[in-house]
Amino acid sequence: MAHQVTVAEEQYVFRPETKRKLFILLAVGVVLLVLGLFMAMRSSGHDEHGGGHAVKAAEQLVASADASAASEGHEAGGHAETATWLKRLYTTLWMNNVFFAGLGIIGLFFITIQYAAQAGWSAGVKRVPLAMASWIPIAGILMLVLWFLTHHDIFHWTHSSLYAEGADFDPIINKKAPFFFWPLAGGTFPIFFIARMVIFFGVWYWFLLQIRKNMLAEDIHAGTSYWHKNQVLSTVFLIFFGVSSSVAAWDWVMSIDTHWFSTMFGWYVFASWWVTGLATITLIVASLKSAGYLKIVNSNHLHDLGKFIFAFSIFWTYIWFSQFMLIYYANIPEETVYFIERIKNSPYSWIFYTNLILNFVLPFLLLMTRDAKRQLSTLKLVTPIIIVGHWFDFYNMVTPGVMQHEGGLGFMEIGVALIFMAVFLLVVLTSLSKVPLIGKNHPMLEESLHHHI
Amino acid sequence: MQVSSSIRDPLITGGKTVKDVSHDISRHVENKPANLWYLAMAISVSLLAYGLYCVWMVLWNGIGMWGLNKTVGWAWDITNFVWWVGIGHAGTLISAILLLFRQKWRMSINRAAEAMTIFAVICAASFPLIHMGRLWLGFYWALPLPNAFGSLWVNFNSPLLWDVFAISTYFTVSLVFWYIGLIPDFAVIRDRAVVQGNNLRAAIYNALSFGWQGGAKTWMRYESVALILAGLSTPLVLSVHTIVSMDFATSVIPGWHTTIFPPYFVAGAIFSGFAMVLTLLIVTRRVFKLEDYITIYHIELMNIIIIVTGSIVGIAYITELFIAWYSGVEYEGYAFYNRVSGPYAWAYWSMMTCNVISPQLFWVKKIRTSIVATFVLSIVVNIGMWFERFVIIVTSLHRDYVPSSWTMFHPTMYDIGEYLFTFGLFFTAFFLFAKFFPVINMAEVKSIVKSSSEKTNQDASH
Amino acid sequence: MDADKNFIVGVFDDEEVLLTGIEKVRGNGVKIHEVYSPFPVHGIDDALGYKRSRLPIAAFLFGMTGTSIALTMQIWMLGYDWPMIIGGKNFASLPPFIPVTFELTVLLSALGMVGTFFIVSDMKPYKWPRQFDIRSTDDKHIMAIDLAKNQSIDKTVLGKILKDAGASEVNEKNFE
């Protein structure tokens, strides 16, 4: 049979130049953030004209369809204690954290799905998503801290006045109270919500630690037992993930628009995370390859990653279209309000359409041919487009619900995104440099070396 | 060079060679069928004949022969339609999506699964066609032709019209895909007929094979065609049940209008399709002695797909229930309360038991590698999936916005008769297929004999 | 000597021997007419120096044709020829047209590509293939070499090259 191919051991070196570049990126982010904050503080309160009309138009539309549905009104007027610039900062912090948390979670999800499906081709690239997953604990801590910092501005349902008799009482949100506050009464402390957040991150992290431990033990001791152990762990993780990913999407994103609901939403967020995660894995693999690492990864493996991105860009579009079309077609005011907010207001409206171009049209056309998927250059072109595109996707999921017509996209948002990106890469690359870049005893490695499509 | 990791289980057992593959699979086409086959055929054809009588009565007297009423305007017909379309998803899934994912185990089962798909889609299509009442005017209502009073066109905004396009495209493309796969195998039978001196059979199978020769250039183009057809069929499979789900989800009926329907219907379709593939293949492998090609390992892998899709469907059920409560919409809330505890609660709980709970038994390796358990559970799953559609359709309709019109649905013998008609049609077609066509894709299996059979794996592990 | 009439035929039992065999035969300057196999052999197109099939381009063009037909048809029929308000939407609103557009794209792409495949491969139901060896659909790989195109090499030398390349049998095949 096949002659044994010896695999040179590789170790990623996180060089000072790379580190310096990332710190420069971080600094640029901080400068942009400060600049953005400064500008937003100065102009706050003056720029209500542009968006105001659109919101009115949207509200009229809703009102004409069904008067009873326009009960979102009190959100805009009720509690304006926090300055607009600060709300903007909170929004972008929360949104970026949800986005980057997804990259970490998808790192783990990618590995587990490879184990569960007995995939052979990916044996050489698994250490990259493993490193990405090291972001999970940081994302979890940030999520918890940010929640306590920002919840009154981001989550409308945290206001206790909604649950008490009075002018602000909201019968719909009051009904939802157990989902957030159980076993306590509505408007107190959302113990159920917080417990879910802690449990999800805790369990994900636990699985990461177990799977990583087995992967690293396999490097030293060889044998197929670690692979089998990880397969079992992965299967259990995937069951947990199937439920937790949807609930997490309801908790962290959908409940921002507290009145609105969509059964698809959990899978929509997952689809967006998943394709972004795939793009990030591919981008890191492609960059490592350009830097001379990952010698065993050739154009066949890149082809597979490219196919994954291509296919799941279409999958995301499918989920997007299904959700949008059904709400558009049935035209029920409680549901359409979500899209009206996003189509009629600036800057959400241009992002709404740009989203489809960046996340569907461009990846579809650029990755359609076989050659495009096999070349580093095209992959390095398409993956950043997708990552930026889905960042916009999350922007549009989170911001309109918090900021209404006051939302902005400027230095502040870009600055925070750059800070997150720099820190994320610092953590991920540090983690990558600490373990061998290739699992030399992976039982599928031989198959992966001979992979040819 | 293909390399298979030593931790993979063999896909072909019994130390088969390439020559054995031709022989084992072609001989059923060449030999006279067994008595069991005649018996099965007789039962199917009599079922079909009785069904045809019921169809005739409905066409002659109108669809008042069914148990539909003013409140429940869709019941068994659409339930059966969706059920059959769902079953018709596994074949193309196996041949297209599993091809793209390079799952080699699909090679032993794709031929029969695709045949099943095609017959299931024909069965499915019969329900909306008969529901038209005047079947002979169907083309005129469903195709973009101007009407007699001017150029009033069909309504492209209607999901029912999307269905026409989706089902006919799916049928056509699946048929083409299946046929493309059959071409090299027809040539095998032709050449064996030449050797055996059966000129008639050689001529027939040569015509069927389009004069296939198997040159490297043709194989190259052929593989390219297969890959692109797979690439086209993958979104096509998803689109078909998506569009079927939109028949319901675009409406404003509580219980029907929910955004998760498209992917959830697709998952359910794959779930029921795999169950039907298992039901058929467990019998086929036994009758045709194909245990070395359709191994326990194949059955186990299919059962794993059933766990996965069954669990996805389970998550979707729970999501629906949760959002019905979370939304705070009282109609939505009532629709689900009525499902769980109303007069059709027995259907809902049958669905839950069959679809969500019973597949979880497959987590036990003993059960998922047991032929008997798999056979029983595969039928249970399809009963459950029938109830799912019944629950969605009838339970959502029978208590509408006007309580004075609340009623129940009672099927007549013609509702039942048409369901039997499709069973007759399906099994007649399947038995004919099993007799006259090679039930396993020989060319594909031959290509993995070397890398994935038991014998070579032992060689590799020394 | 007429082209396409007289052939020397090498029979190979194993696909890996075949692949190295093709390289050896071609390395000796022999022009291979074609290799017939019972199943697609991975990498044989590279070994024989065939260019990648252009059928994907055909599929794309047919698909685009389907997209254009579908969109034109729907927008013209419901937007211009007989406009109707349906569900309070615009006359020609795009989202409900997507499903039919998608289906027709796939339909035309698939049928067009398969039709092209039959035409370029010269496959028709009433054609009886010219068989170099009846076992080529069973378990043997058959390498056919046109003698007319390899006149510089002697027949016996050709036979020896084939044998050295791993052929288990070498036969002659003449078509009238």
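Which helices of chain A each supply at least two residues of the lining of the second largest pocket?

Analyst: This is a predicted model, in which local features need pLDDT of at least 70 and side-chain atom pairs count only at pLDDT 80 or more, while totals for chains, interfaces and linings use all residues. Residues are numbered from 1 along each chain as its sequence is written, chains are lettered from A and ligands numbered from 1 in the order in which they are written, and side-chain values use heavy atoms, without hydrogens and water.

At least two lining residues each come from helix 1 (16-43), helix 4 (84-116), helix 10 (265-290), helix 15 (376-403) and helix 16 (411-433) of chain A, helices being DSSP runs of H or I with at least four residues, numbered from the N terminus. Helix 16 of chain A provides the largest share, 7 residues.

The pocket holds about 930 Å³ of space, and of its 30 lining residues A:Leu22, A:Leu283, A:Ser287, A:Met421 and A:Leu425 are the closest to the centre. Here a pocket is an open set of points on a 1 Å grid over the protein atoms alone, where a 1.4 Å probe fits, with protein on both sides within 12 Å along at least five of seven lines, and a lining residue has an atom within 4 Å of a point; the volume is the space filled by probe spheres set on the points, which are joined across faces, edges and corners.

By class, the lining comprises 24 nonpolar, 3 polar and 3 charged residues, where Ala, Val, Leu, Ile, Met, Phe, Trp, Tyr, Cys and Pro count as nonpolar, Asp, Glu, Lys and Arg as charged, and the others, Gly among them, as polar.

As for the partner chain, 51 residues from chain A and 42 residues from chain B take part in the contact, meaning heavy atoms within 4.5 Å.
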